[in-house]
Amino acid sequence: MSKTGPRPEAEAAPERSAPADRGAAARVRRRLTSGTASLVALVIAVVWTLPTAGLFISSFRPSEQIRTTGWWTFFGSPEVTLDNYRDVLFGSASDGRLASHFVNSFVITLPSTVFVLGIAALAAYALAWIDFRGRDWVFLGIFALQIVPLQMSLVPLLRFFSQGVSIGEVQLLPAWELTGAMAFTNVWVAHTIFGLPLGIFLMHNFISQLPKSLFEAARVDGAGHGTIFRKVALPLIAPALVSLGIFQFLWVWNDLLVALIFAGGDTATAPLTVRLAELAGTRGEAWHRLTAGAFVSIIVPLLVFFLLQRYFVRGLLAGSVKG
């Protein structure tokens, strides 16, 4: 009896840290859900959304009121007009005429997002579940590309489009002489290249943590990598794909630098951001048009984010921890 008596205490000793950890987590949880924390979160939310609310209200105010009073005076003597949106979307070229640029933004953003999703998913699956020589070095190189500033690659990429690739007097690839609607191809390729390093990294973190038994069972049944990717991996990585799609969509939609360089200021290819920059530079005094145009440009990202934010957070957190 004396030999076996102390054993339960010895066995329970390694587990004493678990209640302590749970107690610390509970204390942190109580602090984050306390009344003070909720009040701080509410204040931050109000301060964060106040500029957007002011922009929204100003976009419906007449031009003379915007010039003379602040947007907060709207509640004292409310007066609403849709002239700002009509002028910006369908007015003359000097007023904005953003309708065609709004379409251009969709034409640029949607393919750039789809290309990144497709290539990143395929590359991440190959790097995670296909054993080939140099796989780790390839992944390391892709990971390192994330720290390369985008501005450093603008000039080489622009030279590639305009002059092609040549070694000495030998022309390896011809120049891309694309005009009109085909000029969108330059922007698609640029956004795809810039979005792939982060996209492949995020998708790899998710795909590499899928249960290995699923892939082994599929191989036993005679499935190849194409079938495994379509029927096993693709349904399971849907949250990560949605998360990456939202991230890429918002980045491309709000981009000005890449679109300005590779799409130019032509009405046939320039997106909303380029046109708004021109309005701010040439018609900075027309605040009523700028407020309406700015809200037109942000309404789509706001809708996309708020409608799909749960998938965005779920996809980002899915590959961050194991278990």
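1. Start with helix α6 and helix α9. In this predicted model, α6 covers residues 99-129 and α9 covers residues 184-207. Their axes come within 6 Å and cross at roughly 40°. The crossing is right-handed. Sorted by class, the α6 contact with α9 holds 21 nonpolar residues, seven polar residues and no charged ones.

2. Helix α6 also packs on helix α12, residues 238-253. Here the angle is about 145°, and the axes are 9 Å apart. This crossing is right-handed too. On the α6 side, the contact residues include Phe 102, Phe 106, Ser 112, Thr 113, Val 116 and Ala 120. On the α12 side, they include Leu 241, Leu 244, Gly 245, Gln 248, Phe 249 and Trp 253. The tally for α6 with α12 is 13 nonpolar, six polar and no charged residues.

3. Look at Gln 248 in this setting. Gln 248 sits in α12. Is Gln 248 buried or exposed? Its relative accessible area is 4%, so Gln 248 counts as buried, the cut-off being under 20%. Which residues does Gln 248 touch, leaving aside those up to four places away in sequence? They are Ser 112, Thr 113, Val 116, His 191 and Gly 195. Ser 112, Thr 113 and Val 116 are among the α6 residues that meet α12.

4. Now the aromatic rings. The count comes to 18 aromatic pairs. One of them joins Phe 74 and Phe 75. That pair is edge-to-face, with 5.8 Å centre to centre and 75° between the planes. Burial of the two residues is worth checking. Phe 74 has a relative accessible area of 16% and is therefore buried, since buried means under 20%. Phe 75 has a relative accessible area of 59% and is therefore exposed, since exposed means over 50%.

5. A second pair joins Phe 139 and Phe 201. The rings are stacked, at 6.4 Å centre to centre and 20° between the planes. This pair links distant parts of the chain. Phe 139 belongs to helix α7 (residues 135-144), Phe 201 belongs to α9, and the two are 62 residues apart.

6. Rings also gather in a cluster. Which residues do ring pairs link there? The members are Phe 56, Phe 60, Tyr 85 and Phe 295.

7. On the overall fold, the protein has 15 helices and two strands. Of its 323 residues, 33% are buried. Take the contacts between residues at least 6 apart in sequence: 69% of them join residues at least 24 apart.

8. Confidence needs a comment. Mean pLDDT for the protein is 79, and 80% of the residues reach 70 or more. Where is confidence lowest, and where is it highest? The lowest value falls in helix α1 (residues 7-12), at a mean of 45, and the highest in α6, at 90.

How values were computed. Residues are numbered from 1 along each chain as its sequence is written. This is a predicted model: local features need pLDDT of at least 70, side-chain atom pairs count only at pLDDT 80 or more; totals for chains, interfaces and linings use all residues. Side-chain values use heavy atoms; hydrogens and water are left out. Axes are lines fitted to C-alpha atoms, for helices over the stretch in contact, and angles run from 0 to 180 degrees between N-to-C directions. Helices (H or I, at least four residues) and strands (E, at least two) are DSSP runs, numbered from the N terminus. A crossing is left-handed if the near helix is turned anticlockwise from the far one by less than a right angle, and right-handed if clockwise. Ala, Val, Leu, Ile, Met, Phe, Trp, Tyr, Cys and Pro count as nonpolar, Asp, Glu, Lys and Arg as charged, and the others, Gly among them, as polar. Rings of Phe, Tyr and Trp (its six-membered ring) pair if their centres lie within 6.5 Å; planes under 30 degrees apart count as stacked, over 60 as edge-to-face and the rest as tilted. Buried means under 20% relative accessible area, exposed over 50%, partly exposed in between (1.4 Å probe, protein chains only). Contact means heavy atoms within 4.5 Å. pLDDT is the predictor's confidence in each residue, from 0 to 100.
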